[in-house]
Each structure stands twice: as C-alpha cells, then as structure tokens.
Amino acid sequence: MGMFSPTLERALAVAARAHDGQKRSGTEVPYFAHPVHVAMLLIKSGAPEPLVLAGVLHDVVEDTEVTLQELRAQFGDEVADLVAEVTQPAPGVATGSWREVRQNAIAHLERAPQRVAWLKSADTLHNVSALLMDVETRGHDALTRFKRAPSEQLWYYGEVARVCRERLGAEHSLAAELWDTMARLRERVGALGP
C-alpha cells in the first residue's frame with residue numbers, strides 16, 4: 001500500500017473526529033496520536049490497506065460513539081471485522097474483572113485470524129514503546145498512569161507479545177520488535193525496584 005490513499009485519508013478523518021478531545025492515559029498527548037502510530041507501524045511492516053485502515057480505526061468502537069455498523073458502511077466488512085476482533089471485550093467474550101477480560105482477550109487472540117495478531121502487535125508495540133519511553137523519562141511515576149498495578153499491566157503486555165510472536169513467528173518484524181521492547185520494559189521496570 002502506498003503511504004496515501006483516499007480511503008486512508010477518510011479513515012484518519014473519522015478517527016480524528018471520533019477521538020477529538022481524548023488524551024492518552026495519564027498524559028496530555030492527544031489520543032489520536034496512538035492510532036496514527038499504529039498505522040505507521042503497520043505500513044512500515046508491509047501490511048495491506050485493510051489492516052492499516054483497521055489500525056487507524058481500532059479504538060473508535062471501544063472508546064467513542066462510532067459503531068461497527070458505521071465502519072462497515074464506510075470501510076467494508078474486512079476493516080470492520082478486524083476492528084471488532086480487537087475491541088474489548090471481543091465479540092462473544094463475556095465481561096468480568098479486568099484480569100478475566102484480559103485473559104479472555106488473550107485466549108481470543110490465540111485463535112483469531114493471523115491478521116488480528118498483526119494488528120494487535122502494532123497496537124501493543126506502540127503502547128509498550130510509549131510506556132518504556134515514559135519509564136525512562138519519569139521512572140516510577142510513569143507507572144501510576146494505569147488503574148492496575150504495574151505487574152498486571154506487564155503481565156498483559158507480555159502475554160500479548162508471547163501470543164503475537166507464536167502466531168506470526170519470531171521473524172515477523174512487528175512481533176519481534178514487540179518481544180524485544182517488552183523485554184526492555186520488564187528490565188527497566190525491574191531496575192526501578194519496588
């Protein structure tokens with residue numbers, strides 16, 4: 001896919017409107033930066049256009065008023081289905097505690113189509129990279145931006161990294177980068193001590 005297409009421009013506009021006013025957790029960074037980074041990671045890894053579009057739109061159903069039906073009408077079944085696969089809770093997955101929802105999401109990822117692991121790798125890689133940069137800059141204070149204990153967040157990101165590596169292979173650029181970045185994050189958080 002080329003860097004620019006009318007459909008990608010449309011997806012960026014939808015996501016920018018949908019996430020308008022939202023900030024990344026515990027920061028002043030506009031939320032829209034996250035789906036843009038996810039799309040850039042997908043483009044860099046050679047992802048096809050539907051996957052890049054899903055990267056731009058992956059949080060709009062979960063975090064805004066945009067519906068899957070709207071995405072389906074504007075961007076087609078493949079994009080809407082990819083977004084649905086990474087929306088928490090995933091379709092057909094019961095809700096529960098934070099840990100139960102995440103365990104179900106990991107189990108879902110283990111059996112979802114491979115393209116879902118590709119999308120989730122990019123999403124999680126940006127989250128882990130941003131957290132690592134924040135930890136390196138702010139130390140322990142960076143870990144207070146989550147509602148969960150750092151050990152819980154690290155467990156979840158680590159499990160996603162494991163499943164994506166298993167599903168995509170250790171040579172897949174995003175899965176490999178996620179795996180390595182997660183190892184650096186664990187090491188850095190461990191060096192901070194309790």
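Predicted model: local features only at pLDDT ≥ 70, side-chain atom pairs only at ≥ 80, totals over all residues.

Colleague: OK. Then is Arg99 buried, exposed or partly exposed?

Modeller: Arg99 has a relative accessible area of 29%, so it is partly exposed.

Colleague: What does Glu152 form with Arg99, and how far apart are the closest N and O atoms?

Modeller: Glu152 and Arg99 form a salt bridge, with 2.6 Å between the closest N and O atoms. This pair links distant parts of the chain: Glu152 sits in helix 9 (residues 150–168) and Arg99 in helix 7 (residues 98–111), 53 residues apart. Glu152 has 23% relative accessibility, so it counts as partly exposed too.

Colleague: How many salt bridges are there?

Modeller: The count comes to 9. Another one joins the side chains of Arg72 and Asp77, at 3.2 Å from N to O. Arg72 is at 31% relative accessibility and so counts as partly exposed. Asp77, at 48%, counts as partly exposed as well.

Colleague: And which residue does Arg162 pair with?

Modeller: Glu166: the two form a salt bridge, with the closest N and O atoms 3.1 Å apart. Both residues lie in helix 9, and they are 4 residues apart, about one turn of the helix. Arg162 is partly exposed because its relative accessible area is 23%, while Glu166 counts as exposed at 54%. There's a network here as well: salt bridges with shared partners join Arg162 and Glu166 with Glu110 and Glu159.

Colleague: Switching topic. Where does Leu42 lie, and is Leu42 buried or exposed?

Modeller: Leu42 lies in helix 2 (residues 33–44). With a relative accessible area of 0%, Leu42 is buried.

Colleague: What is Leu42 in contact with, leaving aside neighbours within four places in sequence?

Modeller: With those set aside, Leu42 is in contact with Ala47, Leu51, Val52, Gly55, Trp118, Leu119, Ala122 and Leu174.

Colleague: On to packing. At what angle do helix 1 and helix 3 cross?

Modeller: Roughly 15°, and the axes of helix 1 (residues 6–18) and helix 3 (residues 49–57) come within 9 Å. That angle makes helix 1 roughly parallel to helix 3. The crossing is right-handed. From helix 1, Thr7, Leu8, Ala11, Leu12, Val14 and Ala15 meet Glu49, Val52, Leu53, Val56 and Leu57 of helix 3. By type, the residues of this contact are 9 nonpolar, 1 polar and 1 charged.

Colleague: And what about helix 8 and helix 10: at what angle do they pack?

Modeller: Helix 8 (residues 114–138) packs against helix 10 (residues 173–192) at about 30°, with the axes 9 Å apart. So helix 8 is roughly parallel to helix 10, and this crossing is left-handed.

Colleague: Which residues make that contact?

Modeller: From helix 8 they include Trp118, Ala122, Leu125, Val128 and Glu136, and from helix 10 they include Leu174, Leu178, Met182, Arg184 and Leu192. The residues of the contact between helix 8 and helix 10 divide into 14 nonpolar, 4 polar and 4 charged.

Colleague: Great, thanks!

How values were computed
Residues numbered from 1 in each chain as written. Heavy atoms only, no water. Salt bridge = Lys/Arg side-chain N within 4 Å of Asp/Glu carboxyl O. Buried < 20%, exposed > 50% of the residue type's maximum accessible area, 1.4 Å probe, protein only. Helix = DSSP H or I, 4+ residues; strand = E, 2+ residues; numbered from the N terminus. Contact = heavy atoms within 4.5 Å. Axes fitted to C-alpha atoms, helices over the stretch in contact; angles between N-to-C directions. Parallel < 35°, antiparallel > 145°, perpendicular 65-115°, else oblique. Left-handed = near helix turned anticlockwise from the far one by under 90°. Nonpolar A, V, L, I, M, F, W, Y, C, P; charged D, E, K, R; others polar.
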